[in-house]
Amino acid sequence: MKRTKQNRSFNHRKNKVTQSAQNHEQNQAAESDTEGSFQLPRKKVRWEGNSESVAAVANTENVRVSNAHQRDSSRGRVAGAYYDSVRCIVYVLEDTQEDVHFDLTNMLLEQCNADIVLTSSKADDPFISILQKFAEASGGVFQIRPHKEFTPHRGRDRLLSLPLLSELTTEDTGQLSSDSSSGAEPRNAYEFMQKRKQPAGDPTMKRWNAAIRLANYASVESSPLCISCLGALLDYLARERAAGELDDDAGVEGLHISGIEVLTIDQVMHINADALFSLQIFENESHASIHSDKTKEGLSLFGILDNTRTPLGRSLLRTWLMRPSLSIPVIAARHDAIDCFLHPENLAPASALQTHLKGIKNIPRILGLLRSGKAGVSDWQGLVKFTYHSAMLRDALAELHGGDRVEVVRKLVATLDIASFKDTGNAVNETIDWEESTNNNRICVRPYIDDELDQRKHVYAGLDAVLCKVAEQICQKIPVDYTASLNVVYFPQLGFLICVPMQEEWTTKGGIEVLDGWSFQVILLMIDFVTELRLFSAHVYFKSEEMDDMDMHIGDLHPLIVDREIEIVQELLERILVFSEGMRQACDVCAELDCLLAFAEASRAYNYCRPQMSEDPVIDINQGRHPLQEQVVDIFVPNDAQLVAGIGFSDSAEPQTEVDNLPMCSSIVLCTGANACGKSVYLKQVALIQYMAQVGNRSDFVPAASATLGIVDKIFTRIQTRESVSKAQSAFMIDLNQVSLALRNCTANSLILLDEFGKGTIPAGSIIVDSYLSIDGAGLFCGVIKHLLNRGSQCPKVLAATHFHEVFQKDMLNPHKFPIMFFHMQVLFTSSNGNNLNPGDVSISEDLDSTDHERLEPTFVTAPGEKITYLYRVSPGLSLNSHAAQCATMFGLPSRIAQRAQYVSKLLGDHELGQLLEEKMTAEEQENIKAAGIATYKFLAMDLTNDPHEQDIKSRLAKALGRAPHE
């Protein structure tokens, strides 16, 4: 009789301790490196880099809580708290005065770009409406929580429960921890209090420590609204964490908060969502498949600058683009870093730095997974790679020419504790068996680390031979006709069992035959649930005296091995977490270095120059270029730009015309020109150059030959109108909202872009009469310009483009009376024989007071063979013709339609409406009109005051009308 041996080892059900050291493949897929992206689809909160939805891993997800529910004597105050799940940092906004338009609230919402917004049930209705509209527009979640969650007392309790504030390390206390392994009962009250402190700490002492240390992070004690928001935020995070981890009931104390920082708006440039969209800072392109919610970065400023190698670097770059800096020393320091990386001698070291940065993963996320016990093999490998590449980074930094003068290099050299990192990497690499860990999908320990573990593994490895021998011995004792084959198997937690194939006679009413000394355990039947067919024959498992002896002497090996490996890994983890703070700081500096190297690479590739930052509110750009437009055209024509803030109407009505080395500059530049001649690109490129110079908490080089730039605190745009059926506003109302926001919030250091503001506002049937306008849009445009000029020294820098040429007439926007710089985009008209034609442009020196309308608005109809050429060059002066008909012909509109449009436009300008009406009349109708005109003239010439007889009046009227008296 042939006896075979079968040994099947199944992983036992992991207990709570095992869960803290192992990870499943699906969690590894969901915990991939996080990369920052505004955005749809709706996402859930992630915990230390882990998302509840796999589709939501692509983007960085945030939670923000806003509150403005307390309205008393200090009516109109707002506060907030904001959680960054990538860095595990809570940002707080202290109680701040808000206006009736909720501009600060909109600013915060757009800046944080939160996925989930919470507020109190007692918040004001307009405030709730603002939050709800933001959530609907961004595809996020908006919740109104009970007011009891937004109380200062509750918020203070939650805040003081954070381990970040309440738990002190040994270095903080200056005391050595006592041995708490003794299980002796306390003999008096003093020993009871000491024993109470050892395992978890004295709760009273923890709260006292938290209250003292809170001032080190933020001054929220005097901000009751802010504390209320913090409490609601922490409660929400604790609830979501408990829902994701059902076996965790730690509450707020179980949250991993690595820091609390103040969200200070004054230190960053304000740029709202409309400006970001108009300037194309970010551009998300949807996936080609309608079944995919994934997006990618399109042609945008972030797209061309994103040469980062690390996930943290990419996230930090996005943060920098969202919050440009206002600090000149910080900007200048980062300019020095980019200059150093662009030095010819530093090309090779800079490339080596980027290569090693590519090997650095999201270490803060990995440390969070290690701390929570959910780290997998790839996470431990990422930690080892970090220790290796950090040492290589240190060597590459030493090769930088002039690197000792760069702040970020000095900071990184001081942060990289190579000796500690090297010891950490060696300890991990010497402890973990990578091949076995990969095969078993859990963390396994190398041989010769622990004698007890090695002995258990040796017995477990030789278990096959033991099981085979025992199976042969049992076969000799059982009846020959009992079964044709028999196996001895081992199941973790079930122990050793005798496996016998199911016999047909056992399926009858007699049931399974159990031999003397054996005990029935279980039947294993494998069935395909789709086809409901048995995959293979069932097996019956028994216990015998021999199996009990093996359970007693050999034991349950697999759980013992796993438990011992967990203990060893936990000891290793405690050694590693000592250096966790140093690793976090090193990763933050590496992310900053990654961004600056990305800027240097973009500057080298696109020929950017270093701007000269100035304390004066000036913009002086020489040969500036649009960073995105030059990527999609063969040849880009650069242009200059000069603006100086604070030049408006002074109290003495004498505008300032010269500031420092920028003579005849103005705060307002007004650009005219033909349609599609590049006015909008010019406006955007000036704003983008200024924006790039202040990117993030650091800085970037700019696309220009040279640039001298002051600090701009806010950028407002009226360029593109984003309409939506969900908005109860027309396109013009949206434009008015954008301009209103700019006028209410701009300062002398702000930059405003107005591109054709007021278009589309000509009332039905309106015409131009003499020099007066019935166009509302032109009046609004002039009113905005004059309002800004009336601010005098507080006039911001303004770039405007318009097609309202009538506003340059007398008493409107006369260049001789207004401190405005007028420019136009040059175009060239050529005839069929190659001769240049006059496009109708005039310079400022020409007499604009003339009423010769034909000279100011010349009619210019292109003949066959003639064409218009855009030069895309900015020149002083005005272009008093939009050349719309020529542009229409150029872009495919039939020439007869364009010529007819010019003809009608000329008649309207010359007030010859009668000629248009006569075009469709017959000869008889024209004669009747002529006769009616003559009769009208005669009637008006009649004197009816001195004729008392009614009959005479009728006869005179009949004579004037050319009719007989009886008619």
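Helices (H or I, at least four residues) and strands (E, at least two) are taken here as DSSP runs, numbered from the N terminus. On that basis the secondary structure of the chain, in what is a predicted model, comes to 35 helices and 32 strands. Of the 967 residues of the chain, 47% count as buried, and the accessible surface comes to about 47600 Å², with 51% of that area belonging to carbon and sulfur atoms. Among the contacts in the chain with a separation of 6 or more, 71% are accounted for by residues 24 or more positions apart.

**Nonpolar cores**

- The largest nonpolar core holds 117 residues, and within this core Leu321, Trp380 and Tyr691 touch the most other members.
- Helix H25, which spans residues 580-606, provides the largest share of this core, contributing 13 residues.
- Not counting residues up to four places away in sequence, tyrosine 691 touches Met269, Ile271, Leu276, Ile281, Leu301, Leu321, Met322, Pro324 and Ile715.

- Four strands, in the order S12-S13-S17-S14, form an open sheet in which the pairing is antiparallel.
- Strand S12 (487-491) and strand S14 (519-524) stand at the edges of this sheet, and because each has a single partner strand, one side of each is left without a neighbour in the sheet.
- On average, and with direction ignored, neighbouring strands of this sheet are turned by 35° against each other.
- Strand S13 (residues 495-501) and strand S17 (residues 539-543) run antiparallel and are joined by four bridges; valine 500 has valine 540, in S17, as its bridge partner.
- Helix H22, covering residues 463-477, lies across S12 and S13 and runs at about 140° to S12.

**Cysteines**

- As a general point, a disulfide is a covalent bond between the sulfur atoms of two cysteines.
- The structure holds zero disulfides, and for cysteine 229 the nearest cysteine sulfur, that of cysteine 226, is 6.5 Å away.
- Because a disulfide is counted here only for cysteine sulfur atoms within 2.5 Å, cysteine 229, with its nearest cysteine sulfur at 6.5 Å, is in no disulfide.
- Is cysteine 229 buried or exposed? Cysteine 229 has a relative accessible area of 0% and is therefore buried, the cut-off for that term being under 20%.
- Cysteine 499 likewise counts as buried, at 0% relative accessibility.

Technical notes:
Residues numbered from 1 in each chain as written. Predicted model: local features only at pLDDT ≥ 70, side-chain atom pairs only at ≥ 80, totals over all residues. Heavy atoms only, no water. Buried < 20%, exposed > 50% of the residue type's maximum accessible area, 1.4 Å probe, protein only. Pairing = 2+ DSSP bridges. Axes fitted to C-alpha atoms, helices over the stretch in contact; angles between N-to-C directions. Contact = heavy atoms within 4.5 Å. Core = buried A, V, L, I, M, F, W, Y, C linked by side-chain atoms within 4.5 Å. Areas by Shrake-Rupley, 256 points an atom, 1.4 Å probe, with all protein chains shown as cover.
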